[in-house]
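Trainee: I would like to go through this model term by term. Please set each value against its definition.

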Amino acid sequence: MSLDVTLYRNYHVTYDEGKTLEPQREYLYTDNITHNLGKMANAAGLYEALWRPYRLKEGYNISENDYQAEYKFEEDNPVKANEIIPIIEKGLADMIARPEYYETFNSSNGWGMYEHFIPFIEEYLEALKKYPESFVECSR
């Protein structure tokens, strides 16, 4: 099982001189990482920003077990890359400053290691900064 992150933008094309517009989606970045890093991400304050960024939106107040309401909120409240950049920068800086602490969250089976998580976060942050107006999609 993995977390898939995608950055995309929406646009429209027309084939009849603008009379009708057909919605399109352009994928700008995609990557994935194991769910085994959830506890490490949580310790760094990164879990919501990486796995469930819609929970950071104003107005999110849904009980943990109301999956339909949570899904609807996620669909109705798209997250832009620039909304999560500061959180990811802060968490990444702490992780880099305290590797010994975060390595204690390494998965015993080798699937979910600090040494793999840092490059994932760095590359994702680079993409977020490159496409700050893109939309964030997380598949869990």
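Mentor: Start with Thr34. Leaving aside neighbours within four places in sequence, Thr34 is in contact with Met1, Ser2, Trp51, Trp111 and Gly112. Note that the model is predicted: local features need pLDDT of at least 70, side-chain atom pairs count only at pLDDT 80 or more, and totals for chains, interfaces and linings use all residues. Residues are numbered from 1 along each chain as its sequence is written, and side-chain values use heavy atoms, with hydrogens and water left out.

Trainee: What makes a pair of residues a contact?

Mentor: Heavy atoms within 4.5 Å. Met113 has its own list on the same terms: Leu37, Met40, Asn106 and Ser107, again leaving aside neighbours within four places in sequence.

Trainee: Why is Thr34 called buried?

Mentor: Buried means under 20% relative accessible area, exposed over 50%, partly exposed in between (1.4 Å probe, protein chains only). Thr34 has 17%, so Thr34 is buried. Met113 is also at 17%, so Met113 counts as buried.

Trainee: Why is Glu17 called exposed?

Mentor: Its relative accessible area is 81%, so Glu17 is exposed. Glu17 is found in the loop between strand 1 (2-13) and strand 2. Its phi is near 55°, a positive value in a residue other than glycine.

Trainee: What makes these segments strands or helices?

Mentor: They are DSSP runs, numbered from the N terminus: helices are H or I with at least four residues, strands E with at least two. Thr34 is found in strand 2 (residues 22-34).

Trainee: What span does helix 4 reach, and what is expected?

Mentor: Helix 4 (residues 81-97) has 17 residues. The expected span is 1.5 Å times one less than the number of residues. Helix 4 reaches 24 Å from first C-alpha to last, close to the 24 Å expected.

Trainee: Where is the kink in helix 4 centred?

Mentor: On Ile87, at about 25°. The bend at a residue is the angle between axes fitted to the seven residues ending there and the seven starting there.

Trainee: Which residues of helix 4 are buried?

Mentor: Ala81, Ile84, Ile85, Ile88, Gly91, Leu92 and Met95. The buried residues of helix 4 pack against several elements, including helix 1 (38-43), helix 6 (114-130) and strand 4 (135-139).

Trainee: How far apart are Met113 and Glu26 in sequence and in space?

Mentor: They are 87 residues apart in sequence and 31 Å apart in space, C-alpha to C-alpha. Met113 is found in the loop between helix 5 and helix 6.
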